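Open the model in your viewer and keep the sequence panel beside it. We will go stop by stop, selecting as we go.

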Amino acid sequence: MAGLALKDVRKQYGKVEVIKGIDLDVADGEFVVFVGPSGCGKSTLLRMIAGLEEISSGTLSIGGRVVNDLSPKERGIAMVFQSYALYPHKTVYDNMAFGLQLAKAPTSEIDAKVKRAAGILHMEHLLDRKPSQLSGGQRQRVAIGRAIVRNPEVFLFDEPLSNLDAALRVTMRAELSKLHRDLGATMIYVTHDQVEAMTLADKIVVLEAGVVQQAGTPLQLYHNPQNRFVAGFIGSPKMNFIPVEIAEAGSGGVTVASADLARTLIPVAPDAAVAGAKAVLGIRPEHVTGGDRPVTFKGRVELVERLGHQTVVEVATAGGATVTALLDGTTLVRPGETLTLGFDPADAHLFGESGRAMERFHLPEIARMTRRTAA
Ligand SMILES: Nc1ncnc2c1ncn2[C@@H]1O[C@H](COP(=O)(O)OP(=O)(O)O)[C@@H](O)[C@H]1O
Ligand SMILES: [Mg+2]
């Protein structure tokens, strides 16, 4: 088992820099998820760790040794891709055994390793089948099995569940989580799906345009996003952003106002806030509820989506903002109506003109807790 350290890691294709100086520590046994929009550099960074792409500058260490110039084979990693890339004419058994057979491992050792992996993945009954006789989820499990038999120091996954249907993704997500617990191995997992990131990760690394926007536990990112990008990326439905003007800033917080909101004290540290400056108030849909909250505003209902247990309501305010609220499943509301909504300023986030979040005074205790990382 091994941890990793990236120091100012960069990647250029010609003159274009796509990975722009990444510093990151991955602890031994940690499950780290790289998440970000398509094209932000997740796969490139993972492939650099795997040794499939050259590192333009900076250093990458695995288990304490610099591996920049080592081939993928010498790095002690195994990678699982979105496309399973199985050999169609080989059985499940031989697909998993192939790498060890190439390395001329003893047959008894190969057999033991393949059977152990098949046991972990509940595939013992599928070993004689060909890939065409398997479902998508089973094929992806074979690809994961092929990684397990190599007994790597570090598992790398690039969007391994993206080809599966929604229900199967949820099942496989739970299985991957369990696999991580069972093996205790270091895992780095790439996805564009923030729900996968939230549910799987010990640590999430949010990337945008080749830059780390924030790294932290899922709940740290949810409760304490450091900028507007992370705030908008983590959480579903997305956080609402309401343009406001700063009326007053002091040690007790920042008072804001807008066409829709009366003067409201937000309990955040003023940062560089000055009276008259523009800012953006962030409030998550799950924190926007009925008109009985400390801060209220009105809006015309534009959209009602009934999920059963919850109702997603989108309103347009007189001031031109669109606000999404996550209300009770039984809420009686129709498009075209005027609705009074409200929130608690303690749940609000405030972003200065640069997009940086001002520090919140009242973070829930759970946001300070760190998730389990293997000893
Ligand atoms: N071989 C390449 N040559 C030039 N540009 C590339 C190459 N591979 C990837 N890129 C660029 O690098 C950026 C990051 O790509 P990628 O790592 O695949 O993103 P992601 O996996 O986050 O969707 C993209 O802008 C992409 O066009
Ligand atoms: Mg990719």
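**Stop 1: the six-stranded sheet**

Remember throughout that this is a predicted model. Start with the open sheet of six strands, whose order is β6-β7-β8-β3-β9-β10. Its pairing is mixed. Select 77-80 for β6 and 211-216 for β10. These are the edge strands, and each pairs on one side only.

Next, pick out β3 (residues 31-35) and β8 (residues 186-191). Do they run parallel or antiparallel? They run parallel, joined by five bridges. Click Phe34 and look across to β8: its bridge partner there is Val190.

**Stop 2: ligand 1**

Show ligand 1 and the residues around it. Select Tyr13, Val18, Gly36, Ser38, Gly39, Cys40, Gly41, Lys42, Ser43 and Thr44. Which helix gives the most to this shell? It is α1 (residues 42-50), with three residues. Colour the shell by class.

**Stop 3: the four-stranded sheet**

Move to the open sheet of four strands. The order here is β2-β1-β4-β5, and the pairing is antiparallel. Select 16-26 for β2 and 65-66 for β5 to see the edge strands. Each of them pairs on one side only.

For one pair, click Leu6, whose bridge partner in β2 is Leu24.

**Stop 4: two domains**

Domain 1 covers 4-229, and domain 2 covers 238-361. Their C-alpha centres lie 38 Å apart. Where the domains touch, six residues of domain 1 are in contact with seven residues of domain 2. On the domain 1 side, two of the touching residues are nonpolar, three are polar and one is charged.

**Stop 5: Glu359**

Select Glu359. You will find it in the loop between β19 (349-351) and α9 (365-368). Why does Glu359 count as partly exposed? Glu359 has 14 C-beta neighbours inside 10 Å, and partly exposed lies between the limits of 12 or fewer for exposed and 20 or more for buried.

Leave aside the neighbours within four places in sequence. Glu359 is then in contact with Val268 and Ala269. Now draw a distance from Glu359 to Pro225. From C-alpha to C-alpha they are 9.5 Å apart in space, yet 134 residues apart in sequence.

**Stop 6: strand β15 and its partners**

Finish with β15, residues 295-306. One partner is β18 (residues 338-343), which pairs with β15 in the antiparallel sense over six bridges. Click Phe297 to see one such pair: its bridge partner in β18 is Leu341.

Another partner is β16 (residues 310-317). Here seven bridges join the strands, which run antiparallel. Click Glu305, which stands opposite Val312 in β16.

Three residues lie between the strands. Stop at Gly308, which takes a positive phi near 100 degrees.

Definitions and conventions
Residues are numbered from 1 along each chain as its sequence is written. Chains are lettered from A and ligands numbered from 1 in the order in which they are written. This is a predicted model: local features need pLDDT of at least 70, side-chain atom pairs count only at pLDDT 80 or more; totals for chains, interfaces and linings use all residues. Two strands pair if DSSP finds at least two bridges between them. Helices (H or I, at least four residues) and strands (E, at least two) are DSSP runs, numbered from the N terminus. A residue is near a molecule or strand if its C-beta atom, placed from the backbone, lies within 6 Å of it. Domain bounds come from an automatic or database domain assignment. Two residues are in contact if their C-beta atoms, placed from the backbone, lie within 7 Å. Ala, Val, Leu, Ile, Met, Phe, Trp, Tyr, Cys and Pro count as nonpolar, Asp, Glu, Lys and Arg as charged, and the others, Gly among them, as polar.
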